[in-house]
Amino acid sequence: MPNYTYSALDQNGQIVMGEIDATGRSEAITLLAEDSVYVTEIADSKAKVEAKTAFAFRLPFRRRVKPRTRAAMLRQLATALQAGLPLLSALQVVQQQAENRALHKLVTDLAGRVQAGESLSEAFAANPQEFSRLDVSMVSVGETAGVLDEVMGHLSDFAERDVDIREKIRSAATYPVFVLSLAVISVVVIVTVILPQVISTVTDSVGAAALPAPTRILLWISEVSKAYGWLLTIALVAGVWAFRAWLARPQGRMAFDRFKLRLPVLGTAVRRIAVARFARTLGTLSKSGIQILEALGVLRDTLGNEALASKIDEVAADITRGRSIAEPLRQTGEFPPLLIQVIAMGEKTGRLDELLLQTADAYEKETAAAVQRVMTILPAVLIVLLALVVMFILAAVLLPVVGMETSIPGM
């Protein structure tokens, strides 16, 4: 009998972890529910060990499959299953069509594991660098309910929409990143290479003491950059490393994610992205037949913001005490009223998955608009800052020249 490890919430909303013997995933969840323990995460112990081993040995050497390629693979697999092909045959068909080397290796591994007797969810769990908890949970439910083809269709829809949103954000961010990079490189070259040569002539004529304040400041920056450039580089690298180490800690990640939500324009975009992902993920999981508590445990890691994810934990704890989803969400104060109203209506009518997916469509459009606003404002701000820097440099260069010309007799 398989041995399952689980993380769950007891009647008091406290997190409990342990192991249970059951013939399948659904039986394990049922047995725990009979003891008033509500599962938020459950996995086959054997699959979990294999996943960790695979991750440890493959990560340094194996190239990851690109998100767009992975979404296409899921779509092909869903189409093959919906056409009536057995799982192994469907995987072999996808394997034959895989032109990408990394994808071919991944599908070969999945097919080999399935042929050896593993389920598709176990094969997914053994490749955690490619498949998330959401993927594994949805496939496991599809296998248990006997609707794997339908669930794979939902999963491929979700993957394609997620890739579309990510690509839109990345595309919108390209121009601001280019402007910022060009500005930094230009200023560094001007201050360290061009400026000293131009001003040295003026300094020889009027003396360093007679130079205007902007010129002296710029010269000081130039001299410090040339003399201690290596030290500044080390300090910058150390600062970035320290910041990343701080983010790796739960307290640091939580503080930074809260800070992002408070930012005037960017915070709105971050929140809308998280809310759209929440609605899409919960709707997809609910439509696939996953219990609400388990769905909340899965989707918390897809939000991309630990401050909001912690609120999901509070909601899950309230649900174990017999409350609905909508009211605890409202009390967090982090989710928009429209989403809460939709969830309340979905609970009353039994159409939670349908209404959430419709709401996700609306929020994804609002997300695209919010991201576009951020990416429209950001280049303008960067250009203004760059213009101020250029004006300061021009003033530092021209003021001593003008002063030297006016001091010459007859001028």
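Visitor: What am I looking at, and how many helices and strands does the protein have?

Guide: A predicted model. The secondary structure comes to 16 helices and three strands. The protein has 411 residues, and 42% of them count as buried.

Visitor: What share of the contacts with a separation of 6 or more joins residues 24 or more positions apart?

Guide: That share is 62%.

Visitor: Now empty space. How do I read a cavity?

Guide: Start with the idea. Rolling a probe the size of a water molecule over the atoms shows where empty space is left. Now this case. A search of the whole structure finds one cavity of 30 Å³ or more. The largest cavity holds about 80 Å³ of space.

Visitor: Which residues line the largest cavity?

Guide: Take them in sequence order. The lining has Phe 158, Arg 161, Asp 162 and Ile 165, then Ile 273, Ala 276, Arg 277 and Arg 280, and also Glu 364.

Visitor: Which helices each supply at least two residues of that lining?

Guide: Helix H8, residues 148–206, and helix H11, residues 266–287.

Visitor: On to charges. How do I read a salt bridge?

Guide: The idea is simple. Side chains of opposite charge can pair when their charged atoms come close. Here, a search of the whole structure finds 20 salt bridges.

Visitor: Which residue forms a salt bridge with Asp 135?

Guide: Arg 70 does, and the closest N and O atoms are 2.3 Å apart. Asp 135 lies in helix H7, residues 133–145, and Arg 70 in helix H3, residues 67–82, so the pair ties together parts that are 65 residues apart in sequence.

Visitor: Is Asp 135 buried or exposed?

Guide: Buried. Its relative accessibility is 2%. Arg 70 is buried as well, with a relative accessible area of 14%. The cut-off is under 20%.

Visitor: Which residue meets Arg 75 in a salt bridge?

Guide: Asp 157, at 2.3 Å from N to O. Arg 75 is in helix H3 and Asp 157 in helix H8, so this pair ties together parts 82 residues apart in sequence. Arg 75 is partly exposed, with a relative accessible area of 25%. Asp 157 counts as partly exposed at 35% relative accessibility.

Visitor: Arg 161 came up in the cavity lining. Which residue forms a salt bridge with Arg 161?

Guide: Asp 361, with the closest N and O atoms 3.2 Å apart. The pair links distant parts of the chain. Arg 161 sits in helix H8 and Asp 361 in helix H16, residues 352–406; they are 200 residues apart. Arg 161 counts as partly exposed at 34% relative accessibility, and Asp 361 counts as partly exposed at 28%.

Visitor: Let me try single residues. Where is Ser 156, and which residues does Ser 156 contact?

Guide: Ser 156 is in helix H8. Its relative accessibility is 0%, so Ser 156 counts as buried. Leaving aside neighbours within four places in sequence, Ser 156 is in contact with Leu 74, Arg 75 and Ala 78. Arg 70 is 86 residues away in sequence, yet its C-alpha is 9.2 Å from the C-alpha of Ser 156.

Visitor: Where does Val 193 lie?

Guide: Val 193 also lies in helix H8. Val 193 is partly exposed, with a relative accessible area of 44%. Val 193 and Lys 226 are 33 residues apart in sequence and 9.2 Å apart in space, C-alpha to C-alpha.

Visitor: One last residue. Is Asp 318 buried or exposed?

Guide: Buried, with a relative accessible area of 15%. Asp 318 has its place in helix H13, residues 306–320. Setting aside neighbours within four places in sequence, Asp 318 is in contact with Arg 323, Pro 328 and Gln 331.

Key. Residues are numbered from 1 along each chain as its sequence is written. This is a predicted model: local features need pLDDT of at least 70, side-chain atom pairs count only at pLDDT 80 or more; totals for chains, interfaces and linings use all residues. Side-chain values use heavy atoms; hydrogens and water are left out. On a 1 Å grid over the protein atoms alone, a cavity is a set of points where a 1.4 Å probe fits but cannot get out, and a pocket is an open set with protein on both sides within 12 Å along at least five of seven lines; lining residues have an atom within 4 Å of a point. Grid points are joined across faces, edges and corners, and a volume is the space filled by probe spheres set on the points. Helices (H or I, at least four residues) and strands (E, at least two) are DSSP runs, numbered from the N terminus. Buried means under 20% relative accessible area, exposed over 50%, partly exposed in between (1.4 Å probe, protein chains only). Contact means heavy atoms within 4.5 Å. A salt bridge is a side-chain nitrogen of Lys or Arg within 4 Å of a carboxyl oxygen of Asp or Glu.
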